[in-house]
Amino acid sequence: MTSKKLAALGALSGLLCAIVQARGLGGRAEYVGGTITQIPAGCEGTVQAVDDEFFVFYSKKASWRVPYEKINLVEYGERVDRRFIAAVLISPLFLLAKKRQHFLTVGYSDEDDHQQAMIFKINKDDVRAMLVSLEARTGRKVEFQDDDARKSGKG
């Protein structure tokens, strides 16, 4: 191999490593709602709990950060939708299929000591890492909405 090919291969390897590491820094999320009017409902972005001081949501439309010390609620829940329409139109077997949506609620007190809340729909592959990171950073135990959420969140 020539030195140019080796250099290109090295650069490509470095780039791939950076992408893999960056993927582990946060999770895809959609801001569903809450008290933060500066973030539009349905705004898709990334949530991160890797900064030493702040929980962060950022997207192309908005960004928000909350000091971990101000977070007073971390809650995880699931919503399970059965596919009734598909069952009626296609096959009764679709009644057995479930689509789970995963929700993270972060409650905190702002600078004026008012309670605020943010609700995110998060990707199922990011749930465990996010919950563990938030517990470690905030010192608060995650509250689970039900036993199914507890099983999913704890692995």
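A strand here is a DSSP run of E of at least two residues, and strands are numbered from the N terminus. With that in hand, let's walk through this predicted model.

Start with the overall layout. The chain holds 4 helices and 8 strands, and reading along the sequence gives the order α-β-β-β-β-β-α-β-β-α-β-α. Of its 155 residues, 34% are buried. If you look at contacts with a separation of 6 or more, 51% of them link residues 24 or more positions apart.

Now let's go inside. The largest nonpolar core has 27 residues, and Phe55, Leu104, Met118 and Phe120 touch the most other members. Several elements each give at least two residues to this core, among them strand 1 (27-34), strand 3 (54-58), strand 6 (98-109) and strand 7 (115-122). Helix 3 provides the largest share, 4 residues.

Leaving aside residues up to four places away in sequence, Leu104 touches Phe55, Met118 and Phe120, and its other partners include Val74, Glu75, Met130, Leu131 and Leu134.

Finally, turn to strand 5, which spans residues 71-82 and contains Glu78. Is Glu78 buried or exposed? The cut-off for buried is under 20% relative accessible area; Glu78 has 10% relative accessibility, so Glu78 counts as buried. The side chain of Glu78 also has a partner: a polar contact of 3.2 Å joins it to the side chain of Tyr76.

Notes. Residues numbered from 1 in each chain as written. Predicted model: local features only at pLDDT ≥ 70, side-chain atom pairs only at ≥ 80, totals over all residues. Heavy atoms only, no water. Buried < 20%, exposed > 50% of the residue type's maximum accessible area, 1.4 Å probe, protein only. Contact = heavy atoms within 4.5 Å. Polar contact = N/O pair within 3.5 Å; in protein donor to acceptor, adjacent residues only side chain to side chain. Core = buried A, V, L, I, M, F, W, Y, C linked by side-chain atoms within 4.5 Å.
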